[in-house]
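Here are my notes on the model you sent. They cover helix packing, the overall fold and a few individual residues.

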Amino acid sequence: MKKTVLITGASSGFGKAAAKLFDTNGWNVIATMRSPEKETELAKLSNVFISQLDVTDKLSIQNAVAAGIEKFGKIDVLVNNAGYGALGAFEAATEEQVKQQFDVNLFGLIAVTKAVLPGMRQQQSGVIINVSSVGGRITFPFSSLYHATKFAVEGLTESMQYELKPLGISLKIVEPGGYKTEFAGRSMTLFNLDGLDDYQPAFNKFITMLDQWDMSENIGEVADAIYEAATDGSEKLRYPVGHDAVQLVQTRRQMDDVDFKKMMTAQTGI
Ligand code: NAP
């Protein structure tokens, strides 16, 4: 019997690449997104069912999960991919920006997972893949709120695996490094530094660092890692992907906090 995957944030980047890969491999795909009316490419694929889902809107989550189950019978794999980076000086973030970052990257992921879990529990099988980031393992300057959400996703996922394994459900974390998606484009929020000039020199260095970051164009690597996590049947929890991610996680493991901070300061000038 064909398996079914539900993916959030399938309108672009990793979510869209994963939707195409699962489709190519003969899966039923529930490709969810905030604005399905804008989608043209996925709509042409025979195994793909597009459904409206905003991770901050509980009703849209319930509707998308119900419609997907009605269409394909069940959900075998959930890919919690929707997310974005809210970056800049912590002090400059408005309450609304703080709330939105957590609503999408953490509480949204929790809400979608809660909506899918009853079905997985009933069928006593399932894989939940949470797209975190290398930023769920290490930190960069001026990214505190983004890291806070991704570190939370890491802890949440790592703990959930204990209670869900006996029920036949496995948990996975995919940790991409820097890739050229909409993440560094239209999806990114930068906090306004007006009136907070003290941060400006270091923030300028951060922006230079972002501009110079050699982000990979091969977003298929992340789709591959998501697909591997969905299908390898292993106990493996974390899937760092991309040269920078693998190297940074290794470096972090080998250094204590002080040495890592020195290295980051040396590399960023911050
Ligand atoms: P992307 O191209 O910007 O894709 C992000 C997706 O999330 C878009 O489909 C976007 O939908 C969706 N989204 C945002 N807010 C949403 C909401 N409230 N409800 C539902 N969907 C929402 O960037 P990406 O790189 O593929 O990002 C995917 C995931 O990878 C994110 O969790 C990100 O944190 C993580 N990540 C990215 C990188 C990187 O370098 N690219 C590195 C590490 C981790 P709209 O089209 O409607 O805006």
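**Notes on the model**

1. Helices (H or I, at least four residues) and strands (E, at least two) are DSSP runs, numbered from the N terminus. The model is predicted: local features need pLDDT of at least 70, side-chain atom pairs count only at pLDDT 80 or more, and totals for chains, interfaces and linings use all residues. Residues are numbered from 1 along each chain as its sequence is written, and side-chain values use heavy atoms, with hydrogens and water left out.

2. The axes of helix 1 (residues 13–24) and helix 6 (residues 220–231) are 8 Å apart, at an angle of about 55°. Axes are lines fitted to C-alpha atoms, for helices over the stretch in contact, and angles run from 0 to 180 degrees between N-to-C directions. Helix 1 and helix 6 are therefore oblique to each other; angles under 35 degrees count as roughly parallel, over 145 as roughly antiparallel, 65 to 115 as roughly perpendicular and the rest as oblique.

3. On the helix 1 side, Phe14, Ala17, Ala18, Leu21 and Phe22 meet Val222, Ala223, Asp224, Ile226, Tyr227 and Ala230 of helix 6; contact means heavy atoms within 4.5 Å. By class, the contact of helix 1 with helix 6 has ten nonpolar, no polar and one charged residues. Ala, Val, Leu, Ile, Met, Phe, Trp, Tyr, Cys and Pro count as nonpolar, Asp, Glu, Lys and Arg as charged, and the others, Gly among them, as polar.

4. Helix 3 (residues 95–123) and helix 4 (residues 144–164) have axes that come within 9 Å and cross at roughly 20°. Helix 3 and helix 4 are therefore roughly parallel to each other. Helix 3 also passes helix 4 in a right-handed crossing. The residues of the contact of helix 3 with helix 4 divide into 14 nonpolar, four polar and one charged.

5. Overall, the protein has eight helices and nine strands. Its radius of gyration is 19 Å, close to the 18 Å that the globule rule gives for 270 residues, so the protein is as compact as a globular protein of that length. The radius is taken over C-alpha atoms, and the rule is 2.2 Å times the number of residues to the power 0.38. Buried residues make up 48% of the 270 residues; buried means under 20% relative accessible area, exposed over 50%, partly exposed in between (1.4 Å probe, protein chains only).

6. Two backbone angles deserve a look. Most residues other than glycine have a negative phi. Glutamine 124 has a positive phi of about 55° and is found in the loop between helix 3 and strand 6 (126–131). At 60% relative accessibility, glutamine 124 counts as exposed. Phenylalanine 142 also has a positive phi of about 55°, in the loop between strand 6 and helix 4, but counts as buried at 13% relative accessibility.

7. Threonine 32, in strand 2 (residues 28–33), is buried, with a relative accessible area of 0%. Leaving aside neighbours within four places in sequence, its contacts include Leu6, Ile7, Ser51, Leu53 and Ala64.

Methods. Left-handed = near helix turned anticlockwise from the far one by under 90°.
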